[in-house]
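Reader: I'm new to this one. Could you walk me through its aromatic rings and how they pair up?

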Amino acid sequence: MATLPNQLPSLVRALPPGTLVDTTADGSWHEPLLWYADGAATADTWRQLLPHRMSSGLQPLLIGGGHRDELPEDWELDPDHTTYPGDHDAEEVLAGLWEPDPTEPQLLAPFGAEWPGLAPAPASVPGVDPDERAAETAAQLAGAMSVRAALVPARRSADIPAAIGWSGPVNHEHDVAAISSVLRSWEDRFGIRVVGLTFDELFVSVASPPTTQEEAEAVAAEHFAFCPDNLTQSAHRSIQAYAEKVVLGQPAWSFWWD
């Protein structure tokens with residue numbers, strides 16, 4: 001995929017002790033895909049990383065071992081088979097991933113079997129600054145689980161999964177650039193930032209979350225297409241319930257693919 005010049009090799013000596021990762025499912029990549037720190041992140045880590053985005057085009061991120069307790073060298077990164085997010089249309093991606101189970105029609109409520117279309121951006125209440133919301137979300141993530149600082153050369157936060165060839169959603173969508181295209185759309189409509197990754201988990205902050213149940217249900221439908229496991233393997237057994245409990249007014253969203 002098209003990328004910015006990679007500043008990691010020239011900056012690594014100025015960064016805290018850590019690891020440059022070039023390990024992929026097919027061997028070593030021709031340049032580092034990311035850097036991550038040896039030590040644990042703190043509540044201020046993401047905010048401290050932000051200047052690197054301004055000066056060097058490196059996106060801040062928190063990475064964790066997750067339930068598999070694996071760091072990026074063992075994530076089976078696959079940049080060689082990842083396309084460019086800008087070559088995908090978010091609505092087409094989600095429509096293609098909208099595959100409801102006809103034996104569980106209750107999951108779709110209040111929608112039916114037909115893809116309902118993209119949710120509109122919230123219009124009633126202005127959101128907070130996306131980077132400030134991301135810093136707050138990252139601080140909460142650092143307090144809730146073991147994570148480390150990371151930097152990724154990518155054009156925008158939404159492109160982080162594609163930039164490293166992340167394989168977390170591979171059982172649902174083989175080309176993670178399609179996932180990043182949806183994240184780009186959410187970045188534009190809801191001010192999301194990708195703040196955390198594990199082997200198969202994605203954490204995003206949301207600067208302008210839906211403020212009405214109807215708006216939240218439309219977004220929840222996108223979540224169902226994007227990551228069905230969020231509903232099918234949770235206590236929220238309908239888009240309607242998921243929207244109320246997980247999406248409405250919530251400053252962060254998380255996703256996990258089985």
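Author: Here's a look at the ring pairs, one after another. Keep in mind that this is a predicted model, where local features need pLDDT of at least 70, side-chain atom pairs count only at pLDDT 80 or more, and totals for chains, interfaces and linings use all residues. Residues are numbered from 1 along each chain as its sequence is written, and side-chain values use heavy atoms, with hydrogens and water left out.

Searching the whole structure turns up 10 aromatic pairs (rings of Phe, Tyr and Trp, the last by its six-membered ring, with centres within 6.5 Å; planes under 30 degrees apart are stacked, over 60 edge-to-face, the rest tilted). One of them is W98 with F224, edge-to-face at 5.5 Å centre to centre and 85 degrees between the planes. W98 sits in the loop between helix 3 (90–97) and helix 4 (130–144), and F224 in helix 7 (residues 213–226), so this pair ties together parts 126 residues apart in sequence (helices are DSSP runs of H or I, at least four residues, and strands runs of E, at least two, numbered from the N terminus). W98 is buried, at 7% relative accessible area, and F224 is buried too, at 5% (buried means under 20%, exposed over 50%, partly exposed in between, with a 1.4 Å probe and protein chains only).

W166 is in the loop between helix 5 (160–164) and helix 6 (176–190), while W257 is in the segment after strand 9 (252–256), 91 residues away. Both of these Trp residues, W166 and W257, are buried. They belong to a cluster, too: ring pairs link W166, W186, F190, F226, W253, F255 and W257.
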